[in-house]
Amino acid sequence: MAAGTDAARAGTEDATAADPPARRSRRRRVVVTVALVVTVCGIGAGAVGLRGHARPAKAASSSAQVQTVAVVRTDLSNSQTLSGTLGFGTPQTLMGAKQGIITALPAAGTTVTRGQQLYRVNDQPVPLFYGGTPLFRTLDKPGLVGRDVQVVASNLQALGYDVGTQPKVGTVITQPAADPGSGGGAPSPKGGGAPAAPAAGSSTSPSGGPSAPATAGSTGAPAGGPTAPATAPAAGSSTPAAPTQVTVGTGDGVVTTSLIAAVKHWQKDAGLQPTGSLGIGDVVVLPGAIRVGSLQTQLGEQGAEALMSVTPTDKVVTVPVDPANVGSIKQGDKVTVSLPDSSTTPGTVSGIGTAVQGSAKGTSGTGAGLNTPPTVDVTVAVDDPSKVKNFDSATVQVAFVSATATGVLAVPVGSLLALSGGGYAVQLKGGGLVAVQTGMFAKGMVAITGNGIAAGTEVVTTS
């Protein structure tokens with residue numbers, strides 16, 4: 001083999017020496033081409049030899065695992081998560097109603113409950129009562145009926161004072177007449193009462209109009225004769241109005257002698273003059289306990305003005321919501337609040353505002369609300385206040401449930417196959433396709449219905 005090779009090489013060299021350069025170049029290309037062909041053929045033969053040892057394609061296919069999942073019967077719910085602010089709610093300005101000079105004010109952050117002093121006017125305490133009707137008149141006479149009376153009675157009873165038995169709803173009470181010029185008692189008829197009768201001894205002028213009423217010492221007889229006694233008060237005199245009959249209604253209270261005694265007892269304990277009567281501004285009436293915010297006045301100012309901002313004592317979450325989405329939220333809805341420490345706590349929608357904050361883009365005008373998205377404040381109460389005791393103010397996330405589907409058959413969304421003619425199908429574990437109708441999509445699951453689809457049916461899924 002080597003000798004043949006050497007001979008061939010020698011023959012080639014001789015031929016090369018004898019041939020011209022162009023012929024030698026062509027011959028070299030032929031030799032290279034032949035060598036490449038031989039090389040490729042060798043590689044192909046090696047590949048065939050290797051293929052004989054490879055695993056069959058069928059075996060490779062059988063090694064792939066198909067993932068299936070069982071159809072489940074469950075509840076699905078859609079939710080939207082919005083940012084909110086944890087705090088004490090929207091501050092409200094407290095207006096004073098008691099005339100005098102402010103002599104004491106609470107510090108910001110102070111909590112005031114029923115019966116406690118909120119501030120002082122003329123060095124007299126102004127306590128807090130719970131209720132919905134402020135005192136708008138002086139309560140000092142038995143028989144006065146109204147919601148303001150019920151506020152006094154219910155608060156004194158809650159503070160431990162014996163207010164006696166209140167008349168039942170439907171009881172007819174003789175309402176005392178109002179003192180002339182006072183704001184208490186029963187109100188006078190709308191537009192005033194009947195015109196006063198002319199005084200005794202008055203005469204009618206020739207024109208038909210009344211003459212001036214007779215005064216003391218005037219006579220209707222010649223001088224020296226007896227004077228005519230006045231049998232009716234002169235027009236314009238201060239005559240008390242007649243008592244009226246009032247029926248006790250739902251929510252009304254009645255001033256009784258027992259209630260007056262309870263007022264005196266409470267006033268003495270509170271450091272007030274035990275008069276048994278309460279007037280406008282003597283107590284502050286608010287829906288419940290309050291937390292003092294910023295002060296808006298100072299010592300020495302008048303008591304009948306803006307005094308301070310106050311909030312409820314319970315922490316709440318205020319969530320600005322797009323007005324278009326407010327309709328899906330109802331008072332009493334349950335929500336989930338995600339706190340800054342990564343914990344969650346349940347909450348309840350306690351209020352839905354009606355005032356739209358901000359303005360639509362492009363609205364003309366000036367101010368901080370310009371071009372800010374319009375929102376409506378939704379208030380959420382935290383069901384367990386202890387969960388938020390370490391946060392006075394914080395940004396939180398609130399998940400609102402907007403829709404719920406109960407007891408539906410559901411599979412992962414990855415189980416759906418889009419059909420060429422529209423709609424969806426699922427592939428059964430055995431390979432068959434079943435057309436399905438889809439319902440609610442929520443948290444990666446979808447509700448489905450279809451022929452043969454039941455809880456426990458195995459379907460193919462991508463996840």
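A: A cavity here is a set of grid points where a 1.4 Å probe fits but cannot get out, and its volume is the space filled by probe spheres set on those points. Please note that this is a predicted model.

Q: What does such a probe show?
A: Rolling a probe the size of a water molecule over the atoms shows where empty space is left.

Q: How many cavities of 30 Å³ or more are there?
A: The count comes to 2 cavities of 30 Å³ or more.

Q: Which residues line the largest cavity?
A: The lining consists of Leu 139, Asp 140, Val 152, Val 255, Leu 259, Ile 260, Val 263, Gly 276 and Leu 278. By class, this lining has 7 nonpolar residues, 1 polar residue and 1 charged residue.

Q: Which helix gives the largest share of that lining?
A: Helix α5, residues 257-270, gives the largest share, with 3 residues.

Q: And what lines the second largest cavity?
A: Its lining is made up of Gln 80, Ser 328, Ile 329, Asp 333, Lys 334, Val 335, Phe 400, Val 401 and Ser 402. Here the classes are 4 nonpolar, 3 polar and 2 charged residues.

Q: Which elements supply at least two residues each there?
A: They are β16 (334-338) and β19 (394-412). The largest share, 3 residues, comes from β19.

Q: How do the pocket residues divide by class?
A: The lining of the second largest pocket has 9 nonpolar and 6 polar residues, and no charged residues.

Q: Now the sheet with β4 in it: what is the strand order?
A: This is an open sheet of 4 strands in the order β4-β6-β7-β12, with mixed pairing. At its edges are β4 (102-104) and β12 (284-286), each of which pairs on one side only. On average, neighbouring strands of the sheet are turned by 35° against each other, with direction ignored.

Q: Are β4 and β6 parallel or antiparallel?
A: Strand β4 pairs with β6, residues 117-121, in the antiparallel sense over 2 bridges. Within this pair, Ile 102 stands opposite Val 121 in β6.

Q: Which helix packs on this sheet?
A: Helix α4, residues 147-158, packs on the sheet and touches β7 (124-130) and β12. The direction of α4 makes about 95° with that of β7.

Q: What is Asp 282 in contact with, leaving aside its neighbours within four places in sequence?
A: With those neighbours left aside, Asp 282 is in contact with Lys 98, Pro 125, Val 126 and Pro 127.

Definitions and conventions: Residues are numbered from 1 along each chain as its sequence is written. This is a predicted model: local features need pLDDT of at least 70, side-chain atom pairs count only at pLDDT 80 or more; totals for chains, interfaces and linings use all residues. Side-chain values use heavy atoms; hydrogens and water are left out. On a 1 Å grid over the protein atoms alone, a cavity is a set of points where a 1.4 Å probe fits but cannot get out, and a pocket is an open set with protein on both sides within 12 Å along at least five of seven lines; lining residues have an atom within 4 Å of a point. Ala, Val, Leu, Ile, Met, Phe, Trp, Tyr, Cys and Pro count as nonpolar, Asp, Glu, Lys and Arg as charged, and the others, Gly among them, as polar. Two strands pair if DSSP finds at least two bridges between them. Axes are lines fitted to C-alpha atoms, for helices over the stretch in contact, and angles run from 0 to 180 degrees between N-to-C directions. Contact means heavy atoms within 4.5 Å.
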